[in-house]
Amino acid sequence: MSIATLDNSSSLAFLRSASLPSLIEGKIEQMILNGELAAGERVNELALAQQMGVSRSPIREACRKLEQAGLVEVIKNRGVFVRSVDVQQALDIYEIRGALAELAGGLIAERATDEDIAGLRDMVGQMDALAHAGDVDEYYRSNIAFHARLAQCTRNARLIEMFQGTDKELHLYRHRSLMQPEGLVVSNKEHNEIVQAIAARDIKRARQAFKRHVLNGKTRAVSAIPKEG
């Protein structure tokens, strides 16, 4: 659905709370994370401007912000492209993500409120239904939201920013990891282990569970890389 055709009330609410480039940035970001714009694909500014009913200027500004966030790259004399992370880069980022997850797990076990924990449990329950239904795309969207909620529970703004940055850089690999046999069920079992550790206020267990989940995700992602030849 284009921005131009959004329901009037919701459109006004969005525009009151965010500038037009920020709104467009969020829309393009979701298109990338949801796979509507694939890794390596050129971002067609004119087509997006027509689709969203805006000029090309806010599209360009949104793309500059997405470049800073690591989601797109500008190639001189060619245009803007969805960033494609090679395997070695992905492995490096996973190592960083694992360390961040270990730190985050301990902070969440210390700082999460009872309301936070109840919300995380609800999300795991909803994802369990999606996992058993084999709904990879909807599970992936819920998975992004779950990890964002976990990060928020650290109450550490810089850590949240860094962790969610790795989310974006690894989105293609993370999506692939869920397409492995039993990938959804195994992933959500690990989510449940994280939440149980947090609910028990077991800092060591929460640190280990969150780090293990990230590194297991790395293993699943590598296994899902298409073989050449």
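**Entry 1: a helix pair and its handedness**

I note before anything else that this is a predicted model. I began with helix 7 and helix 8, whose crossing is right-handed. I looked up who makes the contact. Helix 7 brings His147, Ala148, Ala151 and Gln152, and helix 8 brings Ile160, Phe163, Gln164 and Asp167. Sorted by class, the residues of this contact are four nonpolar, three polar and one charged.

Next I checked the geometry. Helix 7 covers residues 136-152 and helix 8 covers residues 157-169. Their axes come within 9 Å and cross at roughly 165°. An angle over 145 degrees counts as roughly antiparallel, so helix 7 is roughly antiparallel to helix 8.

**Entry 2: the whole chain**

I stepped back to see the overall layout. How many helices and strands does the chain have? I count eleven helices and two strands. Reading from the N terminus, I write the order as α-α-α-α-β-β-α-α-α-α-α-α-α.

I then asked about burial. The chain has 229 residues, and 43% of them are buried. I also looked at contacts between residues at least 6 apart in sequence. Of these, 73% join residues at least 24 apart.

**Entry 3: helix 6 against helix 10**

Helix 6 spans residues 114-133. I find it packed with helix 10 at an angle of about 165°, the axes 9 Å apart. That angle makes helix 6 roughly antiparallel to helix 10. I record this crossing as left-handed.

I listed the residues on each side. From helix 6 come Ile117, Leu120, Arg121, Val124, Met127, Asp128, Leu130, Ala131 and His132. Facing them in helix 10 are Leu184, Val185, Asn188, His191, Asn192, Val195, Ile198 and Ala199. The classes come out as eleven nonpolar, four polar and two charged residues.

**Entry 4: helix 5 against helix 11**

I turned to helix 5, residues 87-111. Its axis and that of helix 11 come within 7 Å and cross at roughly 155°. The two helices are therefore roughly antiparallel to each other. Helix 5 passes helix 11 in a right-handed crossing. In this contact I find 14 nonpolar, four polar and six charged residues.

I looked up glutamate 190 in helix 10, which runs over residues 183-199. Is glutamate 190 buried or exposed? Its relative accessibility is 8%, so I put it down as buried. What does its side chain meet? I find a polar contact with the side chain of asparagine 216, at 3.0 Å. Setting aside neighbours within four places in sequence, glutamate 190 is in contact with His213, Asn216 and Arg220.

Glutamate 29 was my second stop, in helix 2, residues 20-33. Its relative accessibility is 15%, and glutamate 29 counts as buried. Leaving out neighbours within four places in sequence, I find glutamate 29 in contact with Leu66, Leu71 and Lys168.

I looked up what glutamate 169 touches, not counting residues up to four places away in sequence. The list is Gly70, Arg83, Val85 and Ile93. I also checked glutamate 169 against glutamine 89, 80 residues apart along the chain. Their C-alpha atoms are separated by 9.5 Å.

**Entry 5: positive phi values**

Which loop holds asparagine 77? I place it between strand 1 (72-75) and strand 2 (79-82). Phi of asparagine 77 is near 65°, a positive value in a residue other than glycine. Asparagine 77 has a relative accessible area of 77%, so I call it exposed.

I found it in the loop between helix 10 and helix 11 (203-223). Phi of arginine 201 is near 60°, again a positive value in a residue other than glycine. Arginine 201 counts as partly exposed, at 34% relative accessibility.

Key. Residues are numbered from 1 along each chain as its sequence is written. This is a predicted model: local features need pLDDT of at least 70, side-chain atom pairs count only at pLDDT 80 or more; totals for chains, interfaces and linings use all residues. Side-chain values use heavy atoms; hydrogens and water are left out. Axes are lines fitted to C-alpha atoms, for helices over the stretch in contact, and angles run from 0 to 180 degrees between N-to-C directions. Helices (H or I, at least four residues) and strands (E, at least two) are DSSP runs, numbered from the N terminus. Angles under 35 degrees count as roughly parallel, over 145 as roughly antiparallel, 65 to 115 as roughly perpendicular and the rest as oblique. A crossing is left-handed if the near helix is turned anticlockwise from the far one by less than a right angle, and right-handed if clockwise. Contact means heavy atoms within 4.5 Å. Ala, Val, Leu, Ile, Met, Phe, Trp, Tyr, Cys and Pro count as nonpolar, Asp, Glu, Lys and Arg as charged, and the others, Gly among them, as polar. Buried means under 20% relative accessible area, exposed over 50%, partly exposed in between (1.4 Å probe, protein chains only). A polar contact is a pair of N or O atoms within 3.5 Å; within protein, one must be able to donate a hydrogen and the other to accept it, and residues adjacent in sequence count only if both atoms are side-chain atoms.
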